Amino acid sequence: MLFFLPGKESFSLLLKMRLPCVSHDSRVNITSIFQASTSIPKPECSLLLSLFIPLLRSVWDLDDFCILFFIWDVLDSLSEFLQTAVEAAKRAGEIIREGFYQTKHVEHKGLVDLVTETDKACEDLIFNYLKQQHPSHKFIGEETTAACGITELTDEPTWIVDPLDGTTNFVHGFPFVCISIGLTIGKVPTVGVVYNPIMEELFTGVHGKGAFLNGKPIKVSSQSELVKSLLATEAGTKRDKSTVDATTNRINSLLFKVRSLRMTGSCALNLCGVACGRIDLFYETGYGGPWDVAGGAVIVKEAGGIVYDPSGKDFDITSQRVAASNLLLKEAFVEVLQQSE
């Protein structure tokens with residue numbers, strides 16, 4: 001019989017110590033074990049983990065105590081990571097709420113892609129807070145990437161942040177704006193927080209622990225017919241003729257297949273809309289980067305939904321392509337998406 005002993009050392013330290021010295025395949029195996037172990041209560045984990053102890057021992061050359069110490073620390077750390085993300089989001093939310101009703105100072109990243117002082121202030125606040133709490137973790141942010149170039153996503157614990165998703169909405173006083181914070185471990189979205197400070201809606205999700213809106217459990221819709229489904233998508237920020245034509249042609253085609261369509265102006269909130277059953281279907285291609293989906297993807301999955309590539313293939317957080325729905329609609333949705341290309 002295996003017993004779990006609580007550890008006080010941080011998961012990030014153990015991850016940093018152990019993962020760099022093992023192969024990519026071994027990291028994938030370890031991540032899979034971690035995911036499986038977090039999906040059931042701690043007292044029942046012992047039987048599951050007893051099956052994997054030989055693998056962990058061979059990978060790290062550790063005794064059983066150290067292995068169990070590590071797994072327990074992972075489980076405990078997820079709650080800590082969630083609390084950190086929620087606190088960071090709420091602090092940034094105060095800045096957004098204050099700036100929402102004031103005159104905005106707007107800059108252009110593209111023809112219709114906007115950025116404000118609030119975006120930058122929120123990202124600085126969030127990153128400073130996260131770095132204080134977890135200094136060994138990696139960080140990827142929308143505004144940092146825009147200024148400094150793309151940061152490669154690695155297996156290390158990585159916070160991926162959109163400090164103000166829905167900047168155009170923010171500029172126009174349309175209340176669909178949010179902070180999106182996601183944590184990936186082994187490149188897998190593991191903790192997600194999406195907070196709309198104007199509507200006071202806090203969406204959270206932790207792998208294996210369920211999804212919540214303001215502390216209450218949420219689930220995706222049970223809709224099984226496309227024709228009765230509400231679809232969300234976005235037009236994107238590119239305005240060249242070929243892109244606009246392809247986007248509008250696809251929307252025209254899809255409107256014959258679903259009940260109606262919405263464009264809220266926020267990828268993260270669209271994902272959360274699927275998670276809580278307000279929206280049945282969502283897809284978007286060509287969005288800004290992983291910061292748009294890192295938080296929402298966890299929340300959809302924990303609400304019983306699925307996140308995938310619009311082609312039907314597995315979701316890749318770095319691909320700038322996402323679709324989300326319940327399982328009942330996926331096959332039909334992918335089929336009409338392919339037909340509309």
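Which residues of strand 7 lie on one side and which on the other, and are they buried or exposed? Keep that in mind while we get our bearings.

What you're looking at is a predicted model, where local features need pLDDT of at least 70, side-chain atom pairs count only at pLDDT 80 or more, and totals for chains, interfaces and linings use all residues. Residues are numbered from 1 along each chain as its sequence is written, and side-chain values use heavy atoms, with hydrogens and water left out.

Let's begin with the whole chain. It has eleven helices and 14 strands; these are DSSP runs numbered from the N terminus, with helices (H or I) of at least four residues and strands (E) of at least two. Of the 341 residues, 52% are buried. Buried means under 20% relative accessible area, exposed means over 50%, and partly exposed is in between, using a 1.4 Å probe and protein chains only. Now take contacts, meaning heavy atoms within 4.5 Å. Among those between residues at least 6 apart in sequence, 67% join residues at least 24 apart.

Back to strand 7, then. On one side sit Glu201, Phe203 and Gly205, on the other Leu202, Thr204 and Val206, and all of them are buried. That's six of the six residues, so strand 7 is largely enclosed by the rest of the structure.

Two strands pair if DSSP finds at least two bridges between them.

Now look at the partners of strand 7. With strand 6 the pairing is antiparallel, over six bridges, and Gly192 stands opposite Gly205. These two strands form a hairpin with four residues between them, and Glu200 in the turn has a positive phi of about 55°. With strand 8 the pairing is again in the antiparallel sense, over four bridges. Here Phe203 stands opposite Leu213, and Val206 has Gly210 as its bridge partner. This hairpin has three residues between the strands, and Gly208 takes a positive phi near 80°.

Phe203 and Ile218 have the most contacts inside the largest nonpolar core, which has 34 residues. A nonpolar core is a set of buried Ala, Val, Leu, Ile, Met, Phe, Trp, Tyr and Cys residues joined through side-chain atoms within 4.5 Å. Helix 9 gives the most to this core, with seven residues. Leaving out residues up to four places away in sequence, Phe203 touches a set that includes Phe212, Ile218, Leu269 and Cys272.

What about helix 9 itself? Nine of its nine residues are buried, so helix 9 is largely enclosed by the rest of the structure. After helix 9 comes Gly277, with a positive phi near 85°.

There is also an open sheet of five strands, in the order 11-10-12-14-13, again with mixed pairing. Strand 11 (260-262) and strand 13 (306-308) are its edges, each with a single partner strand, so one side of each is left without a neighbour in the sheet. Strand 13 and strand 14 run antiparallel and are joined by three bridges, with Ile306 opposite Ser325.

Glu234 lies between strand 10 (230-232) and helix 8 (241-254), and at 15% relative accessibility Glu234 counts as buried. Its side chain reaches the backbone nitrogen of Thr264 at 3.2 Å, and a polar atom of that side chain lies 2.8 Å from the backbone nitrogen of Gly265. Gly286, in the loop between strand 12 (281-285) and helix 10, counts as partly exposed at 46% relative accessibility. Gly286 and Gln320 are 34 residues apart in sequence, yet 5.1 Å apart in space, C-alpha to C-alpha.

Methods:
Polar contact = N/O pair within 3.5 Å; in protein donor to acceptor, adjacent residues only side chain to side chain.
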